[in-house]
Amino acid sequence: MQTQRYSEMTQFELNTEIGALKEKARKAEQMGMVNEFAVLDRKISMAKSYLLDPAEFKAGDEYEIEGAPGEIFKIVYMNGIFAWGHRLETPDREEALPISVLLKP
């Protein structure tokens with residue numbers, strides 16, 4: 001089986017992959033496989049990021065984080081599909097988030 005990187009996939013292939021991952025994640029959640037579900041959820045976020053345009057995310061912009069209501073993330077710089085920065089609650093702790101989890105407040 002030959003695997004293909006998300007960065008090499010077409011929009012159709014990414015959407016197909018996201019659908020397959022969602023189905024696997026649903027099954028993992030039903031079976032109580034918490035770790036497997038978390039891994040698949042992260043893969044979905046990564047694949048979704050490749051459907052977005054990183055140029056739309058700028059340093060200094062602030063976004064709410066999907067799955068963390070009320071937490072605001074401030075971008076310091078972009079590196080591919082990852083936004084590097086910090087949460088406003090913890091300005092001394094830098095982290096990287098895939099752009100698909102960033103929501104305009």
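The legends below describe close-up views of a predicted model.

**View 1. The sheet as a whole is open and has five strands.**
The strand order is S4-S3-S2-S1-S5, and the pairing is antiparallel. Strand S4 (95-98) and strand S5 (102-103) lie at the edges, where each pairs on one side only. Strands of a sheet pair through backbone hydrogen bonds, either parallel or antiparallel.

**View 2. Strands S1 and S2 form a hairpin.**
Strand S1 covers residues 62-65 and strand S2 covers residues 68-79. The two strands run antiparallel and are joined by four bridges. Two residues lie between them, and Gly67 in the turn has a positive phi of about 85 degrees.

Glu64 stands opposite Leu103 in S5.

**View 3. Strand S3 pairs with S2 and with S4.**
S2 and S3 are antiparallel and share six bridges. They form a hairpin with two residues between them. In that turn, Gly80 has a positive phi of about 65 degrees. Ala83 in S3 stands opposite Met78, and in S4 the bridge partner of Ala83 is Leu97. The pairing of S3 with S4 is antiparallel over four bridges.

**View 4. Tyr63 has an aromatic partner, Phe57, and a charged group over its ring.**
The count of aromatic pairs comes to three. One of them joins Phe57 and Tyr63, with 5.3 Å from centre to centre and 40 degrees between the planes. This pair is classed as tilted, because the term covers angles that are neither under 30 degrees (stacked) nor over 60 (edge-to-face). Phe57 counts as buried at 10% relative accessibility, and Tyr63 is buried with a relative accessible area of 4%. The charged end of Lys104 sits over the ring of Tyr63, at 4.7 Å from the ring centre.

**View 5. Arg87 takes part in salt bridges with Glu71 and Glu95.**
Side chains of opposite charge can pair when their charged atoms come close. Glu71 and Arg87 meet at 2.4 Å, N to O. This pair links distant parts of the chain, with Glu71 in strand S2 and Arg87 in strand S3 (residues 82-87), 16 residues apart. In the salt bridge of Glu95 with Arg87, the closest N and O atoms are 2.6 Å apart. Is each of these residues buried or partly exposed? Arg87 is buried, with a relative accessible area of 18%. Glu95 is likewise buried, at 13%, whereas Glu71 is partly exposed, at 28%.

**View 6. A salt bridge joins Lys27 and Glu23 in helix H1.**
The structure holds four salt bridges. In the one between Lys27 and Glu23, the closest N and O atoms are 4.0 Å apart. The two residues are four positions apart in helix H1 (residues 11-30), which means that about one helical turn separates them. Both side chains belong to partly exposed residues: Lys27 has 44% relative accessibility, and Glu23 has 33%. Salt bridges that share partners join Glu23, Arg26 and Lys27 into one network.

**View 7. Helix H1 has its buried residues along one face.**
The buried residues of H1 are Leu14, Ile18, Leu21, Ala25 and Ala28. Seen down the helix axis, they fall within an arc of 85 degrees, so they line one face of H1. The face turned away from this buried side carries the exposed residues Phe12 and Gln30. How does the span of H1 agree with what its 20 residues should give, and what are the values? At 1.5 Å a residue, the 20 residues should span 28 Å, and the end C-alpha atoms are 29 Å apart, which agrees.

How values were computed:
Residues are numbered from 1 along each chain as its sequence is written. This is a predicted model: local features need pLDDT of at least 70, side-chain atom pairs count only at pLDDT 80 or more; totals for chains, interfaces and linings use all residues. Side-chain values use heavy atoms; hydrogens and water are left out. Rings of Phe, Tyr and Trp (its six-membered ring) pair if their centres lie within 6.5 Å; planes under 30 degrees apart count as stacked, over 60 as edge-to-face and the rest as tilted. Buried means under 20% relative accessible area, exposed over 50%, partly exposed in between (1.4 Å probe, protein chains only). A charge sits over a ring if NZ of Lys or CZ of Arg is within 6 Å of the ring centre and within 35 degrees of the ring normal. Two strands pair if DSSP finds at least two bridges between them. A salt bridge is a side-chain nitrogen of Lys or Arg within 4 Å of a carboxyl oxygen of Asp or Glu. The expected span of a helix is 1.5 Å times one less than its number of residues. The arc is that of the directions from the helix axis to the C-beta atoms.
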